[in-house]
There are 2 protein chains.
Amino acid sequence: MTADARAFSGVLVPVLTPFAGDLEPDAARFARICRWLLDEGAGGLAIFGTTSEGNSLTAAERNRLIDHLVEAGIPARRLMPGTGACAIPDAVAMTRHAVEAGAGGVLMLPPFYYKNQSDDGFFAYFSEIIERVGDPRLKLYLYHFPQMSAAPISPALIARLAKAYPGTIAGLKDSSGDWEGTKRLIAAFPDLAIFPSSEVRLMEGLGLGAAGCISATANIQPGPISRLIASHGSAEAEDWHRRITTVRGIVEAYPTIPALKAIVARKTGDQAWLRTRPPLTGLDDTRRDQLLAALDASGEPVEIGF
Amino acid sequence: MTADARAFSGVLVPVLTPFAGDLEPDAARFARICRWLLDEGAGGLAIFGTTSEGNSLTAAERNRLIDHLVEAGIPARRLMPGTGACAIPDAVAMTRHAVEAGAGGVLMLPPFYYKNQSDDGFFAYFSEIIERVGDPRLKLYLYHFPQMSAAPISPALIARLAKAYPGTIAGLKDSSGDWEGTKRLIAAFPDLAIFPSSEVRLMEGLGLGAAGCISATANIQPGPISRLIASHGSAEAEDWHRRITTVRGIVEAYPTIPALKAIVARKTGDQAWLRTRPPLTGLDDTRRDQLLAALDASGEPVEIGF
């Protein structure tokens, strides 16, 4: 494992994106949650991921939000924005902007409209972007989320990209939910930072060489996850593991993004957090009440302090 | 059927997009194929559809291509550009541009990244766009292509949108390949222009009240399909039906977009047409030779005259 590939480690958060009443991204609230997540120990901010409604934001909106975060004092090197897109020039524009802003890396989806495309086609896509950006500072993390993108990144493609762009391909987020497959990737690519998508696998993953995790539910429990990582190997870690697993289990029974936004709205007392961009919709009142009641009943204090 | 909803009828073509060596859209070649398709009798040009690699083009690229077509003398009212996008502001910008350029309509995908979204979410998406564009000239055709978009448009959603925006919702392209479902839509929505996605269903569809078809393979046989429509009800139409079905059957054995580009490249002698944007790749030489040999052996003269 090179130092470069370890630029990001620990718990990375696909930060929820707040929207104003006109559904414009709310840059001030966004900076506040980002600051809080870092203060709680997040190793990085994987902004514009799936949980962030990243694909519901235009390239220009994402670029402006990065600028705003940097102006607000968020360290750019801690940002790993999602910059994949169906159209190569959009992906190039976002990736270039992220690199020039000083982002520590980018998390890149393959193009996800055309289905059943070949490794050759995906290799050509990533190659075009890397070569057009043409910047040795670029650290690219591949984003494997076949259930959502319907565009799986095969181990053969990872190997081919890592060989062609060894200083650039830095890692992979594995949102497949296939833990056996994740373990094979960790073993097969010791020079890449592999991030499973759930904190529930952290205990085992850290022991195997995973770089950490990039998890939706890290939005609401960054501190407990950080403390699990800090105490890894001790009895305390077992306790954190149990607690974060309980919270994740409750949230997983609901549509993730509106559920997380409902929890943040409740815990901060700021109803603006309930807003989503279509096609996403909020939980209805009954489901929201059920979720919050289940969380209360668990006895796990989810504390959101911004 | 109102006159408005019938603004488009007959064979509409999701026009192939040519690319230059640097993978930029080639506006001059694009205008040439568009001109030829209209000369051959196309009732409209559904540019930036799936076959057009529309989702591999940015919003700005699509807008510039529309401007170029209009400057090149293509009647704007014959254009039905694809303006759906994952991010609402992109869809709004493209839709507004199309309307202001005088396009006769737009063909709109639902947002296609997030899966298993609700009719409420899709209704909110289309509503946002229609209301933000806020232009009575907008004629919106819904684009139902569940196998590719993974975002099906339900009959209940169509009814709800048609009721909420009766002057705007003009029709639907049904690329589901589910002919029984298409027939139900034609019967259920007599005020909407329903376009099946294959010329093979034209004979039957026209009799049932379909508005025509929007078909990938219309790129290579616009004249024969137009002649089928013109001779509908006569013995001549049966002959055209047989011939266009033969050609479509040959092409369907290959990945559609590179197959069509290979045929256009061969018939025009212009190898530039072979280029695709990643993730799409061209046919390999063997497959391309097989396709072209099968077409020659069919005895059907595919004539592309531009």
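These exercises with worked solutions concern a predicted model of two chains.

Residues are numbered from 1 along each chain as its sequence is written, and chains are lettered from A in the order in which they are written. In this predicted model local features need pLDDT of at least 70, side-chain atom pairs count only at pLDDT 80 or more, and totals for chains, interfaces and linings use all residues, while side-chain values use heavy atoms, with hydrogens and water left out.

**Exercise 1. The interface**

Task: State how many residues of chain A are in contact with chain B, and describe the area buried between the two chains.

Solution: 
- Step 1. Contact means heavy atoms within 4.5 Å. By that rule, 43 residues of chain A meet 43 residues of chain B.
- Step 2. The two chains bury about 3,100 Å² between them, with 65% of it on carbon and sulfur atoms. Buried area is the accessible area (1.4 Å probe) that two parts lose on being put together, summed over both.
- Step 3. On the chain A side, A:Tyr113, A:Tyr114 and A:Pro279 lose the most area to chain B, together 26% of what that side buries.
- Step 4. Helix 3 (88-101), helix 4 (119-133) and helix 5 (146-149) of chain A each give at least two residues to this side. Helices here are DSSP runs (H or I, at least four residues) and strands likewise (E, at least two), numbered from the N terminus. Helix 4 of chain A has the largest share, 7 residues.
- Step 5. Between chain A and chain B there are 0 salt bridges. A salt bridge is a side-chain nitrogen of Lys or Arg within 4 Å of a carboxyl oxygen of Asp or Glu.

**Exercise 2. The relation of the copies**

Solution: 
- Step 1. The same surface serves both copies, since 100% of the contact residues of chain A recur in chain B.

**Exercise 3. Salt bridges within a chain**

Task: Decide which parts of chain A are tied together by A:Glu199 and A:Arg248, and whether A:Glu199 is buried or exposed.

Solution: 
- Step 1. The whole structure holds 36 salt bridges over all chains. In one of them, the side chains of A:Glu199 and A:Arg248 meet at 3.2 Å, N to O.
- Step 2. A:Glu199 lies in the loop between strand 6 (193-196) and helix 8 (202-208) of chain A, and A:Arg248 in helix 10 (residues 235-251), so the pair ties together parts that are 49 residues apart in sequence.
- Step 3. A:Glu199 is buried, with a relative accessible area of 0%, and A:Arg248 is buried at 12%. Buried means under 20% relative accessible area, exposed over 50%, and partly exposed in between (1.4 Å probe, protein chains only).
- Step 4. In chain B, the side chains of B:Arg248 and B:Glu252 meet in a salt bridge of 2.9 Å, N to O. B:Arg248 is buried at 12%, whereas B:Glu252 counts as exposed at 53%.
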